[in-house]
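Here is a short tour of a model, heading by heading. Please keep the structure open beside you as you read.

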Amino acid sequence: YLEAGADIVETNTFNANSVSMADYQMESLAYELNYESARLARAACDEFASEDRPRFVAGVIGPTNRTASISPDVNNPGFRNIDFDTLKVSYLEAIHGLVQGGSDILLVETIFDTLNAKAALFAIETYFAEHDLKLPVMISGTITDASGRTLSGQTAEAFFNSMRHVKPVSIGFNCALGAKQLREYVGELAGTADCYVNAHPNAGLPNEFGEYDESPEEMAKELGEWAQSGFLNIIGGCCGTTPPHIKAIAEAVSKFPPREKKKPDFVLRLSGLEPCNITKDSLFVNVGERTNVTGSARFKRLILEEQFDEALDVARDQVENGAQVIDINMDEGMLDGEQAMVRFLKLIASEPDISRVPIMIDSSKWPIIEAGLKCIQGKGIVNSISMKEGEAAFIKHANLCRKYGAAIIVMAFDEEGQADTQARKRSEERRVGKECRSRWSPYH
């Protein structure tokens, strides 16, 4: 592949994580597989690299063989065979091997469930912080069929909205579809993303023998048109692509300039299964609060009596009646708030007519908020955090909200209480604003 003209080669580590390797009783080899694969790719790249043309190793972080957003049991939609924390721990081990072996880039690819990917990105940011390190991060989802959605149901723009908090060097799609079928979704990202766009489609769709028939010339012609249309910054191939495919693609796209990144638009980009973008020209955003035990006696009774099917109907009614966001609160003395929040969010994830809108996780208790953030694949909203526990707690919680990929409502409270006068409110806004400006760009 390097001889054929590749600038980036991926490590052979798609399933090299303890979750996937457990099927073969080989989970103990996860670190070694990642390390050795990165080391071998590093050696190959170093052999071909020159001062005017460096070659890069992309350490591949695959999706695992489990999904955190979908139940594997059709009779129990709230069941999961993996959770966020288990994925995070598994990914941390793989990341360590990839970095130690010499990867230049970390590539989270073939994402069929955005919640899995958010766990991988959380692990990456945790690893960077613990090791005082920063590498470019590439993200690549997979559109599974003609619906234009990932397996867990997200559209292309909703996927981007969920991922952009890590400031990836690039985002795009790979696998599942051939170039012809993938074109419109890459084009959608190209018109939206304020980072670079990557793509590596299959060499067509598999035939009855599981083989790929699209020739290098056919694939290069299609991808050359993508480049001409201004879609691409990084292009390659997935299933069925051979060195001749890469050679032909490299020659075809070299005739055209790379895509220009979109300028940051400072739009509030939320998502459930579908995007929800809030701009300065947006009207009032309708937040459905009937799924709040402190605001709805009926919902409170349903949750306390564990009538979750009827509680889902409350959420469904809100969305059908125009709620653009649904607010979920489980702060009730008779409830285990964390357990109730997690259970309800898992059930919502199996209801696309509800989960198409963003989730607002509403609680006065941080453990409940964090438990909820580990269950939503879209970009939701945390309602709320404040400075009533001091600046240190505020900064900690704000950083974690960003790592989980959530927007934040900041309440006008500090150690002295609520800002109940205009003067206090302005003072609190200045204080919070100064803290935020010193740590995060408006991009977040």
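A nonpolar patch here means Val, Leu, Ile, Met, Phe, Trp or Tyr residues with over 30% relative accessible area and no salt bridge, their side chains joined within 5 Å. The model is a predicted one, and in it Y24, M26, L29 and L33 make such a patch of about 340 Å². L29 sits in the loop between α1 (18-21) and α2 (30-48). With a relative accessibility of 31%, L29 counts as partly exposed.

In soluble globular proteins, nonpolar side chains tend to be buried together. Here the largest nonpolar core has 100 residues, and I303, I326, M330 and F344 have the most contacts inside it. Helix α4 (residues 114-131) gives the most to this core, with ten residues. Apart from it lies another core, of eight residues, including L2, A6, A41 and C45.

Leaving aside residues up to four places away in sequence, I326 touches G288, T291, A315, Q318, V319, I348, I354, V357, P358, I359 and M360.

## The seven-stranded sheet

Follow the order β1-β2-β3-β4-β5-β6-β7 and you trace an open sheet of seven strands with parallel pairing. At its edges stand β1 (8-10) and β7 (234-235), each with a single partner strand, so one side of each has no neighbour in the sheet.

Strand β5 (residues 170-178) has eight of its nine residues buried, so it is largely enclosed by the rest of the structure. Four bridges join β5 to the parallel strand β4 (residues 137-141), and G141 has F173 in β5 as its bridge partner. Strand β6 (residues 196-202) pairs with β7 over two bridges, again in the parallel sense; here A199 is partnered by I235 in β7.

## Salt bridges

Among the 18 salt bridges is one between R269 and E157, with the closest N and O atoms 2.8 Å apart. This pair links distant parts of the chain, since R269 is in strand β8 (residues 268-271) and E157 in helix α5 (residues 156-163), 112 residues apart. R269 is buried at 8% relative accessible area, and E157 is buried at 16%.

D313 is partly exposed at 35% relative accessibility, whereas R316 is buried at 15%. A network of salt bridges links D313, R316, E351 and D353.

Key
Residues are numbered from 1 along each chain as its sequence is written. This is a predicted model: local features need pLDDT of at least 70, side-chain atom pairs count only at pLDDT 80 or more; totals for chains, interfaces and linings use all residues. Side-chain values use heavy atoms; hydrogens and water are left out. Patches are made of residues with over 30% relative accessible area and no salt bridge: like charges are joined within 9 Å, nonpolar side chains (Val, Leu, Ile, Met, Phe, Trp, Tyr) within 5 Å. Accessible areas come from the Shrake-Rupley method with a 1.4 Å probe; for residues, only the protein chains shown count as cover. A salt bridge is a side-chain nitrogen of Lys or Arg within 4 Å of a carboxyl oxygen of Asp or Glu. Buried means under 20% relative accessible area, exposed over 50%, partly exposed in between (1.4 Å probe, protein chains only). A nonpolar core is a set of buried Ala, Val, Leu, Ile, Met, Phe, Trp, Tyr and Cys residues joined through side-chain atoms within 4.5 Å. Contact means heavy atoms within 4.5 Å. Two strands pair if DSSP finds at least two bridges between them.
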